[in-house]
Amino acid sequence: MSSSTIFQLCDNPINSNFKCIHFKSPNLNSSAIVQLYGAQITSYKVNNKELIFVSSKAIFREKEAIRGGIPICWPQFGPGSLPNHGFARISTWELVSQIQSPNSNSVTLQLCSNETTLNLWPFKFTLHFVITLENDNLQTELRVINNESSSAFTFTVALHTYFLIDQILNVSVNGLQGLEFIDKVKGNSHNTEINANVSINSETDRIYINAPNQIQIQDTNQNVILEKENLTDVVVWNPWADKAKAMKDFDDNEYNQMICVETGTITNPINLQPNQTWIGKQKIYARL
């Protein structure tokens with residue numbers, strides 16, 4: 001099959017100034033959409049079933065974060081001296097390669113330090129984000145290269161995945177039992193997870209420290225397996241009703257149809273030496 005059939009560069013239907021890449025797996029049973037803005041995945045379908053949540057009120061505009069998909073939080077997770085969750089997700093990336101093979105199809109996007117980033121954060125870097133579709137999974141790989149000649153830099157990072165679900169009350173996240181977590185809803189208190197199956201019935205914002213490399217998200221009609229590599233923590237987030245109503249880019253009732261399960265390195269920031277590269281990976285399998 002020709003490359004033009006597998007990969008298509010298109011206008012975003014909401015804002016034609018935003019370009020996005022549509023591409024398919026080798027067996028054509030799964031597909032993904034990636035925005036050049038933020039290198040943000042906004043769709044992953046398996047057998048025509050969407051697995052990624054994007055709010056119906058998501059804003060596609062420069063300097064605004066897209067509510068949903070898989071935002072790249074870098075070089076800062078959460079609030080701090082930089083824009084919330086860093087600047088990678090509100091920067092326009094460059095498509096540098098698309099590779100078609102018998103077992104996988106992939107695209108690579110690149111973001112380099114520039115005048116805007118250097119005004120915010122005084123370090124030279126290159127980011128590569130590689131998105132790969134195999135027949136049964138979606139892989140993402142973030143590479144961070146320190147281009148400084150003599151200075152190390154420190155960062156936190158997360159792949160802030162929004163999963164589309166049938167009903168939040170029927171969902172459980174499995175694989176977190178026994179872990180210490182930071183409960184951001186309860187004043188950053190430290191607790192230990194006692195439940196084998198973590199369910200959500202109120203606002204939830206937790207960072208699970210040193211989480212295992214495989215987590216399962218069990219929904220009524222699907223089981224999603226989330227694997228990570230070189231990412232130490234897992235975040236579980238749902239805004240619930242009151243916070244949903246306060247968010248301009250989120251419908252009041254959409255908290256029922258989404259859960260964020262995010263892989264990242266947050267609690268122990270990464271110190272990257274000059275001319276060194278750090279790589280973190282995530283893989284999503286769907287069992288429908």
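Trainee: Which helix gives the most to the lining of the second largest pocket?
Mentor: Helix α2, residues 115-120, which puts 3 residues into that lining. Keep in mind that this is a predicted model.

Trainee: OK. How many residues line the second largest pocket, and which lie nearest its centre?
Mentor: There are 13 lining residues, and Lys-63, Ile-90, Ser-91, Thr-92 and Thr-116 lie nearest the centre.

Trainee: And how much space lies in the second largest pocket?
Mentor: About 270 Å³. By residue type, its lining splits into 6 nonpolar, 5 polar and 2 charged.

Trainee: What volume does the largest pocket have, then?
Mentor: The largest pocket comes to about 370 Å³. It is lined by 21 residues, and the closest to its centre are Asn-84, His-85, His-160, Asp-205 and Trp-237.

Trainee: How do the residues of that lining divide into nonpolar, polar and charged?
Mentor: For the largest pocket you get 9 nonpolar, 4 polar and 8 charged residues.

Trainee: Let's zoom out. How many helices and strands does the protein have?
Mentor: The secondary structure comes to 3 helices and 22 strands.

Trainee: What does the radius of gyration say about a compact globule here?
Mentor: It agrees with one, because a compact globule of 288 residues would have a radius of gyration near 19 Å and the protein has 18 Å. Taken along the principal axes, the C-alpha atoms fill a box of roughly 45 × 45 × 35 Å.

Trainee: How much of the protein counts as buried?
Mentor: Of the 288 residues, 53% do. As for contacts with a separation of 6 or more, 63% of them involve residues 24 or more positions apart.

Trainee: Give me a buried one to look at. Where is Gln-35 found?
Mentor: Gln-35 is in strand β3, residues 30-35. Gln-35 has 3% relative accessibility, so it counts as buried.

Trainee: What is Gln-35 in contact with, leaving aside its neighbours within four places in sequence?
Mentor: Its partners are Asn-12, Phe-18, Lys-19, Cys-20, Gln-40, Thr-42, Phe-60, Ile-66 and Leu-109.

Trainee: And Ile-168, is that buried or exposed?
Mentor: Buried, because its relative accessibility is 0%. Ile-168 is found in a loop, the one between β12 (162-164) and β13 (172-174).

Trainee: What is Ile-168 in contact with, again leaving aside neighbours within four places?
Mentor: Ile-200, Asn-238, Trp-240, Tyr-255, Asn-256, Met-258 and Ile-259. Take Ile-200: it is 32 residues from Ile-168 in sequence, with 6.6 Å between their C-alpha atoms.

Trainee: You listed Trp-240 there. What is its phi?
Mentor: It is positive, about 60 degrees, although Trp-240 is not a glycine. Trp-240 is found in helix α3, residues 240-246. Its relative accessible area is 18%, and the cut-off for buried is under 20%, so Trp-240 is buried.

Trainee: What about the phi of Asn-48?
Mentor: Asn-48 has a positive phi too, about 70 degrees, and is not a glycine. Asn-48 lies in the loop between β4 (41-46) and β5 (49-50). With a relative accessible area of 71%, Asn-48 is exposed.

Trainee: Backbone again: which residues does a cis peptide bond join?
Mentor: Trp-74 and Pro-75, with omega about 0 degrees. Pro-75 lies in the loop between β6 (72-73) and β7 (94-100).

Trainee: Which cluster do ring pairs link Trp-74 into?
Mentor: One that also holds Phe-87, Trp-121, Phe-123, Phe-125, Phe-153, Phe-155 and Trp-278. The whole structure has 22 aromatic pairs.

Trainee: Last one, Thr-108. Which strand is the place of Thr-108?
Mentor: Strand β8, residues 104-112. Thr-108 counts as buried, with 10% relative accessibility.

Trainee: And what is Thr-108 in contact with, leaving aside its neighbours within four places in sequence?
Mentor: Thr-108 touches Glu-94, Leu-95, Val-96 and Ser-97, along with His-128, Phe-129 and Val-130. Its C-alpha atom is separated by 9.8 Å from that of Thr-140, 32 residues away along the chain.

Key. Residues are numbered from 1 along each chain as its sequence is written. This is a predicted model: local features need pLDDT of at least 70, side-chain atom pairs count only at pLDDT 80 or more; totals for chains, interfaces and linings use all residues. Side-chain values use heavy atoms; hydrogens and water are left out. On a 1 Å grid over the protein atoms alone, a cavity is a set of points where a 1.4 Å probe fits but cannot get out, and a pocket is an open set with protein on both sides within 12 Å along at least five of seven lines; lining residues have an atom within 4 Å of a point. Grid points are joined across faces, edges and corners, and a volume is the space filled by probe spheres set on the points. Ala, Val, Leu, Ile, Met, Phe, Trp, Tyr, Cys and Pro count as nonpolar, Asp, Glu, Lys and Arg as charged, and the others, Gly among them, as polar. Helices (H or I, at least four residues) and strands (E, at least two) are DSSP runs, numbered from the N terminus. Rings of Phe, Tyr and Trp (its six-membered ring) pair if their centres lie within 6.5 Å; planes under 30 degrees apart count as stacked, over 60 as edge-to-face and the rest as tilted. The radius of gyration is taken over C-alpha atoms; the globule rule is 2.2 Å times the number of residues to the power 0.38. Buried means under 20% relative accessible area, exposed over 50%, partly exposed in between (1.4 Å probe, protein chains only). Contact means heavy atoms within 4.5 Å.
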